[in-house]
Amino acid sequence: MSDFELALNDVEFDELGRVRITDPLIKTKLEELFAANSSVEAASNSGCNSGCGNTGNAPTCGTANAGCSEAFELADLDWEPDLGGGPGVLVNHPDFAKAILDAKIARDDKITLSLD
Amino acid sequence: MTFSIDAFDNKTLELIILPTEECNFRCTYCYEDFAIGKMSPKIVEALKRFITKRAEELSNVSIEWFGGEPMLEYGIVTDVMDHTQRLFGGKSLNGSMTTNASLLDEKRFRKLVSLGVSSYQISLDGLPIDHDMTRKNRGGNGTFDKIWQNLTQICEIKDLDFSILLRVHFSPEKLANLPKFIVMLDEAFGHDERFRIFLKPIGRYGGENDGVIEELSKIEEEQVFSQLLSLRPNIKMEDGTRGATMKNMPVCYAAKANAFVVRANGLLSKCTVDLRSQKNLVGKINDNGSLDLDVQKMKYWLRGHNNGKVENLYCPAHT
């Protein structure tokens, strides 16, 4: 399984077709990401040649996405990351990758602690 | 650019509505079977109730009218758009339509644009002699002249903001006249930035006509596009060849959690092409406007987000 997995097991739909993510940690991370999305978008359109989120390259601008290169390193992309500058792909978005990774680490830590 | 994280955002809703699955055309390469007729008043009301229930929390709504030929049920289109526009006020409401344009006269077009349906995709198969070979009406007659009349009348409208994507289909037997047709389009619409060309090769998308469809190779498709581009028309030409789309894989609406195809019979699907597949029947809309969704089937369409395969996000139906 990829580190990017959305953990679709945790996704449900309510009676109006709305996404309901049952894992509270992933839900919180996604909500944070939705809130930050506008600034991420602005950064990606600000002329950064590294193509934050667009090409899969780690951004170097250090503005909205500080830490992205680390996220990419952790994520260990196993496919060609250059998507030719087309519309971004969720799993290729460094903030999302890091958010999910953080959530999973936090969740796993919690499980480990409870087992201990 | 929009990140596909939006695919899970409950503030966004993308509906592709088929007000009828009947069509007044019988294009020789069409993949649809026209088995389901128009949307019943009960389904229309259910759809409006669904939109009403979701309206308050939504900030971006996209309604794409598809079919069949959606203009056959112009009354349903205007009813639902009027309802939605009243609910949304100043919020972002993007209306669009894929239509053969045979019924898109100026009066109806003005009304639709006023209701927020401002983007159109209209198909043409080449010069009249080529177009009428494949895009026939139900009676077997050619359709070019009526479409062209409507398009040129729409082009004369100067007080409206809209966009029209002229989807130009090409296939091996029609290549010879294609440069002439691009020149014809350029002369008619090249001065108007609201019009663009989208060059799309005919393909096999399922259905009874697949056996008689001739396809070009990917390389041949690219050569055709390059040749047409060398004509340097004023009108903007977009590349819809397989090679181009593979380079720039967008996330398909079918791979988004917040996108639904509303069939004319009230069933819900994810894909507008894979219409006969059971896996594409993901639920139904109830009379009270709620949805019954098969979560496991939904997750099948969303699997690209889980497995990281770009191709599953680009086309979850055929990968």
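**Aromatic pairs, cores and cysteines**

Trainee: How many aromatic pairs are there over all chains?

Mentor: Rings of Phe, Tyr and Trp (its six-membered ring) pair if their centres lie within 6.5 Å; planes under 30 degrees apart count as stacked, over 60 as edge-to-face and the rest as tilted. By this rule there are eight aromatic pairs over all chains. This is a predicted model: local features need pLDDT of at least 70, side-chain atom pairs count only at pLDDT 80 or more, and totals for chains, interfaces and linings use all residues. Side-chain values use heavy atoms, with hydrogens and water left out, residues are numbered from 1 along each chain as its sequence is written, and chains are lettered from A and ligands numbered from 1 in the order in which they are written.

Trainee: Why is the pair of B:Phe109 and B:Tyr120 tilted?

Mentor: The two ring centres are 5.0 Å apart and the planes stand at 40°, so the pair of B:Phe109 and B:Tyr120 counts as tilted. B:Phe109 belongs to helix α3 (residues 106-114) of chain B and B:Tyr120 to strand β4 (residues 117-124) of chain B, so the pair ties together parts eleven residues apart in sequence. Helices (H or I, at least four residues) and strands (E, at least two) are DSSP runs, numbered from the N terminus.

Trainee: Are B:Phe109 and B:Tyr120 buried or exposed?

Mentor: Buried means under 20% relative accessible area, exposed over 50%, and partly exposed in between (1.4 Å probe, protein chains only). Both B:Phe109 and B:Tyr120 are buried.

Trainee: Which residues have the most contacts inside the largest nonpolar core?

Mentor: A nonpolar core is a set of buried Ala, Val, Leu, Ile, Met, Phe, Trp, Tyr and Cys residues joined through side-chain atoms within 4.5 Å. The largest one has 94 residues, and B:Trp65, B:Phe109, B:Tyr120, B:Ile164 and B:Phe195 have the most contacts inside it. Helix α1 (residues 41-55) of chain B gives the most to this core, with seven residues. A second, separate core of six residues includes B:Ile16, B:Tyr31, B:Val261 and B:Leu275.

Trainee: How many disulfides are there over all chains?

Mentor: A disulfide is a pair of cysteine sulfur atoms within 2.5 Å. The count over all chains is zero. B:Cys30 is in no disulfide, and its nearest cysteine sulfur, that of B:Cys27, lies 6.1 Å away. B:Cys30 counts as buried because its relative accessibility is 19%. B:Cys155 is also buried, at 3% relative accessibility.
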